[in-house]
Structure formats: structure tokens, C-alpha cells
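Dear colleague,

Please find below the structure that I am handing over to you.

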Amino acid sequence: SCHSQGATCGMSRAPSHPLVELTLARLREFLREPEAVFWVFVFPIILALALGIAFRERGPGRLRVAVQEGDGAAALREALESEKDVAPRVLSPSDARQALRTGRVALVVVPGQPAVFVFDSTRSESRLARLLAENAIQRAAGRRDPQPVRQQVVTEPGSRYIDFLIPGLLGMNLMGSGMWGIGFAIVQARTRRLLKRLMATPMRKSHFLLSFALSRLVFLVLEAVALVGFGWLVFGVRVYGSLADLALIAIVGAMSFAGLGLLTASRAKTVEGVSGLLNLVMLPMWILSGVFFSYSHFPDAAQPFIQALPLTQLNDAMRAVMIDGVPLAAALPSLAIVGAWGGVSFAVALKIFRWR
């Protein structure tokens, strides 16, 4: 029988709001792509593990110094061995210069009166090796310091490379998942002529574009928890500020890069075309925005441009909360820049978006 307790056959669930349906569709599409899950959740953890091990805090280590063969080489080596941070070895003149040129040693010491230091002044380890070597040689010759000093060694929380790296990787992941995930999804739907079919459905263009941004927010929690939790469990990376502040900063960043991804894909017709545009937008931020190293290394003339990039401000805001423990109010200027990028990008994308 088609009737039971007053119910009729063919009854179905009433359709919900188009924005809800589109967002759910975006989530299903993402979960059905193992490659996307790997790049969003697994790859950042692998990268953090590899870089955290490679640049783990072991101190500067012993600096390798070559003593060139000749009269007095043995005495020089003995004097240098008194310095615990220097690892000297005697080499022939050609081998010593070759080792310096290829970076196997930081300094070459040529015996003589006086001894000659050969080093590359652009290498920080070479300058340090030169100071340590001179100190060891002078002490071996009987020098005494007229003013004694004491030292107090401390380890500041948040000063390790991995503490600097985790917020940068989180920002990079938010940018990559927002822009690549959204950009490719839109262009693939366009090339398959799926967008033309969606034009006939009862939805607005804003619903379609917002569904991409909202679907990213669902996975944002998992992305942040996975990466920050991994850093805490494996390397002891702590969040010295508020977790709620960090979550809000990550949400603003995810929405901003979702807007940039929508803008980038709003007119692209092919996957090759959107790939080029995405690389054009993202590559400067990968290099300049302080993901893997501080952007302070770049010239002063480039700093205004670097400071205007959304990933720069996002990384600064997250590091301020995670490492410095500052309140959210101190990060509001950075968040304003990040939010402005996202808001303007979404508005422009909404205006110029093309279905075909």
C-alpha cells in the first residue's frame, strides 16, 4: 500500500536554501578526492616534520676550520683545538681552498707571522669562525682578558625555528587550500559545462561563490588542529596566546584567500590558464611573506610591497598570538589588511564572474 498512517508515497524532503545545498555539494566533492585530502591535511604535516628535524635546535655545532700545511701548522691546530666550538684539521693548500670554496670548512688559517685568515665575509659562519679562531690563537699565545665577564645561557620560549615555521605553514596551507581548491574546482566545472546547467537552477551567483568559501571553513578547523596539534605533540610548539584569537585569525585568512581564489578563477577558461594565474598570485607570497624565513632579509625598498601582501599580514598575526602571546587587539591592523583583500576580491569576482 502507498498509504501508511496518513503518509503518502512520493513525499520527499523539502529542499533547503540553495547556499546550504551548494556548500554540502562542495564538501562532498572535496572528500571524494584523495589527492586534495592529502595536500590539505597530510602534506603540511610531512613538511613540518622534515623541516623540524632538519633545523632542530642543536646549537651552532662545531665550526670546521682548515689549517693549511706548513711550518707551524701543528701548533696552530693545537691552539684551535682549545676552542670547543672549533673543529680544526690540517689540509694541503689546494685541498684547503677547495674545502672553503665548496663550503666544507668555514675558514682557512695559513700559518705564519702573522697567521692569515682566509674566509668569505658574506657567510655568517665564516665570520664567527674567524673570531673564534683568533681568540684561540691569542689565548694560546698568552693573552689574558683585562675585564672578566660571565655568561648566562637561556632558551627563550618560541625562539626555535619550528616555532617560527608552524604559523607560516598554517598560513601557507590556508592560502593553498583556499586558492588552489577553489580555483581548480570552478574551472573544471566550467570546462565540463556544468556551470551552464547551474544557471537554470534557483540560485544566485552569490550563493554559488559563497558556497566555496563556506566549505573551506568546515575544513579549516581540521587543518589548523592537525598542524598545530602535530607541532605540539612532536616538537612541543605551544600557543602562548588565546586559541580563540588564533581561530578567528585563521577564519579571516581562510575567507580572504577564498575570495582571491574566486577572483582568480572568475574568468579562466582552462586548467592550464588558472594554474598560471594561481602561480602568479601565490609565488610572490611563498617567497616574500615569511613562510620559511623572515622577510626582514629583503631590502628596505621591498618592505612596503611585502607588508601589503595578505599572507605576510596573516603570518604576522598568527605568530604574534602563537609566539608572543599578544591579545587580538594588537593583531587588528594585520587582520584589517587580510580582510580587505578578501572582501574586495569577492566583490570583484561577483561582478566579473563568467558561467561559460
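The notes below describe a sheet, a pair of helices and a pocket.

Please bear in mind that this is a predicted model.

I begin with the sheet. Four strands form an open sheet in the order β4-β3-β5-β6, and their pairing is mixed. At the edges are β4 (86-91) and β6 (116-118), each of which pairs on one side only. From one strand to the next, the twist averages 25 degrees. Strands β3 (residues 63-68) and β5 (residues 107-110) run parallel and are joined by three bridges. Valine 65, for instance, has leucine 107 in β5 as its bridge partner. Helix α4 (residues 93-101) lies across β3, β4, β5 and β6, and runs at about 140 degrees to β4.

The axes of α3 (residues 73-81) and α5 (residues 124-140) come within 8 Å and cross at roughly 105 degrees. Angles of 65 to 115 degrees count as roughly perpendicular, and therefore α3 is roughly perpendicular to α5. Where they meet, α3 contributes Leu76, Ala79 and Leu80, while α5 contributes Ala133, Ala136, Ile137 and Ala140. This contact has seven nonpolar residues, with no polar and no charged ones.

Finally, the second largest pocket has a volume of about 240 Å³. Helix α8 gives the most, with six residues. Among the lining residues are Leu170, Leu220, Gly229 and Ile251. By class, the lining of this pocket has eleven nonpolar residues, one polar and no charged.

With kind regards

Note on methods. Residues are numbered from 1 along each chain as its sequence is written. This is a predicted model: local features need pLDDT of at least 70, side-chain atom pairs count only at pLDDT 80 or more; totals for chains, interfaces and linings use all residues. Side-chain values use heavy atoms; hydrogens and water are left out. On a 1 Å grid over the protein atoms alone, a cavity is a set of points where a 1.4 Å probe fits but cannot get out, and a pocket is an open set with protein on both sides within 12 Å along at least five of seven lines; lining residues have an atom within 4 Å of a point. Grid points are joined across faces, edges and corners, and a volume is the space filled by probe spheres set on the points. Helices (H or I, at least four residues) and strands (E, at least two) are DSSP runs, numbered from the N terminus. Ala, Val, Leu, Ile, Met, Phe, Trp, Tyr, Cys and Pro count as nonpolar, Asp, Glu, Lys and Arg as charged, and the others, Gly among them, as polar. Axes are lines fitted to C-alpha atoms, for helices over the stretch in contact, and angles run from 0 to 180 degrees between N-to-C directions. Angles under 35 degrees count as roughly parallel, over 145 as roughly antiparallel, 65 to 115 as roughly perpendicular and the rest as oblique. Contact means heavy atoms within 4.5 Å. Two strands pair if DSSP finds at least two bridges between them.
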